[in-house]
Amino acid sequence: MAEHYISTRAGQTQWVMQRVSAMLLLGFAALHFGLQHFTSDAVSTGLTVATRLNNPYWQAYYIVFIVLAMYHGINGVVGIVRDYNPRRGLRVGGEILLWSLAAFFVVLGLRNVVSPVPLGMVKESYAARGFAKGESPGNPPSLPMAYDFRDELRELALLEYYLEHHVHRTEGAPLTEVFAHKADVRLQALQPAEALAAVAASGAAFDAWAKGVIVNGPIDPALRRRLSAFSSSYEFAVWAAQVRVANARLRGDDTTIDRWYSTTSSFLLPSYRATDLH
Amino acid sequence: MHQPDRGPRSALHNALPAQFLNGGYRYFTGSLAYVLHRVTGLALIFFIFFHILSITKSQATPEAYDLMIRRMQEPDFKIGEILLFAGLLYHGLNGIRIVLVDFAWTRTTHHKRLWWGMAALCAVLLAAGLVPLLLHSNVQPLLQTDLLPGGGR
């Protein structure tokens, strides 16, 4: 009978808790790692991460995850120290040091989760400067992996991801009508010029959709949904138009800029402020 | 067919290079499982320290976040990502085995076979996971529409 062999000496609680936290961590770590590494690149952009960290359910998830992981990890190291059977003073000192380290990293981690960068600040930042194009600060310098969401195809792909996952849609146009480039992009292998033209045409189609949504104006505030990163199609359209203009400036794409700031039309693109639209 | 688990006739003893056997440490299936679990566990706690520190640094501004992600797109981080995946996979699966052996399956008859089965499962999952991890780069985005953000549905 197994219960005859259960020790009641010091360390029993830690032994059991190590296994309990391990079983819980399996699920937490699998979801976190799978989401971050086995899904689209877009889950790691500042906007998606800010959306998640500003969502109370995800905040609760990460609070539990950080505490469990740090408990399990430091408890494991404490067990390793005990395996070497150090002198009492050394063992107690080591354990105090290790649990202080755990407390320090739990405080740091929880601070990031409990008070994240406000979502509005992140959205305004992208509206002002466009999507990310980091110059490589590291070594080796960015040889095989380019990271440039200002390139029009990647910009549209990212906007499509946001429209599908982070926008409370308040108009009915299907995504296939808003974004038209997908079928034509494989042409690039054979005819680069035609593929670039297809991407530019898709950009024009997206701008036409966004302009139509903006012209219709803001919706009834009662229909907005604050848990989405963009609480209405109108908010997203204004934001995406500002991002498109900022990206177009950076890649020297005058056609897109002229489309939004035409001197012949009476249309005026509103500036994006997160607080205005919520 | 009986395969000795420890001592000079064990399969693991024959497979290891000579310099591993001079220290007097006796290698067998259980010790391999134990060493790997300890090494991956220590690596993971150091990774968590790094992970929390880099996220804290990136939370200063949206630009700082983009810079961190840009850095993490580079090849050295791709290698680290694969090592992290392998370490998590082994530590997690071996952890399941440890809990099974501790609580559910206390008969010792098939412990060795259980570990080798777990190791085989680990290798299969590692190989399966490497495919998306290695394809999931931003090389030549125009040729790989399915791998683009928003693609792959």
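1. Which pattern does chain B follow when read along the sequence? In this predicted model, the pattern of chain B along the sequence is α-α-α-α-α, in keeping with a count of five helices and zero strands. Buried residues account for 16% of the 153 residues in chain B, and, among its contacts between residues at least 6 apart in sequence, 54% join residues at least 24 apart.

2. In chain A, helix H1 (residues 12-37) packs with helix H3 (residues 56-83) at an angle of about 135 degrees, the two axes being 9 Å apart. Because angles over 145 degrees would be needed for the roughly antiparallel class, H1(A) is to be described as oblique to H3(A). The crossing of this pair is left-handed.

3. On the side of H1(A), the contact with H3(A) is made by A:Gln14, A:Met17, A:Gln18, A:Ser21, A:Ala22, A:Leu24, A:Leu25, A:Phe28 and A:His32; on the side of H3(A), the residues are A:Phe65, A:Leu68, A:Ala69, A:Tyr71, A:His72, A:Asn75 and A:Gly76. Sorted by class, the residues of this contact comprise nine nonpolar and seven polar, with no charged residue.

4. H3(A) also packs with H4(A), here at an angle of about 165 degrees and with the axes 10 Å apart. H3(A) is therefore roughly antiparallel to H4(A), and H3(A) passes H4(A) in a right-handed crossing. The contact of H3(A) with H4(A) contains 18 nonpolar, three polar and three charged residues.

5. Helix H4 of chain A (residues 88-114) has 27 residues, and the span from its first C-alpha to its last is 38 Å, close to the 39 Å expected at 1.5 Å a residue. The buried residues of H4(A) are A:Ala102, A:Phe105 and A:Gly109. Elsewhere in chain A, A:Ser271 lies in the loop between helix H10 (254-260) and helix H11 (274-277). A:Ser271 is exposed, because 11 other C-beta atoms lie within 10 Å, and a residue counts as exposed at 12 or fewer. A:Ser271 and A:Arg259 are twelve residues apart in sequence, and the distance between them in space is 16 Å, C-alpha to C-alpha.

Note on methods. Residues are numbered from 1 along each chain as its sequence is written. Chains are lettered from A and ligands numbered from 1 in the order in which they are written. This is a predicted model: local features need pLDDT of at least 70, side-chain atom pairs count only at pLDDT 80 or more; totals for chains, interfaces and linings use all residues. Axes are lines fitted to C-alpha atoms, for helices over the stretch in contact, and angles run from 0 to 180 degrees between N-to-C directions. Helices (H or I, at least four residues) and strands (E, at least two) are DSSP runs, numbered from the N terminus. Angles under 35 degrees count as roughly parallel, over 145 as roughly antiparallel, 65 to 115 as roughly perpendicular and the rest as oblique. A crossing is left-handed if the near helix is turned anticlockwise from the far one by less than a right angle, and right-handed if clockwise. Two residues are in contact if their C-beta atoms, placed from the backbone, lie within 7 Å. Ala, Val, Leu, Ile, Met, Phe, Trp, Tyr, Cys and Pro count as nonpolar, Asp, Glu, Lys and Arg as charged, and the others, Gly among them, as polar. The expected span of a helix is 1.5 Å times one less than its number of residues. A residue is buried if 20 or more other C-beta atoms lie within 10 Å of its own, exposed if 12 or fewer, and partly exposed in between; C-beta atoms are placed from the backbone.
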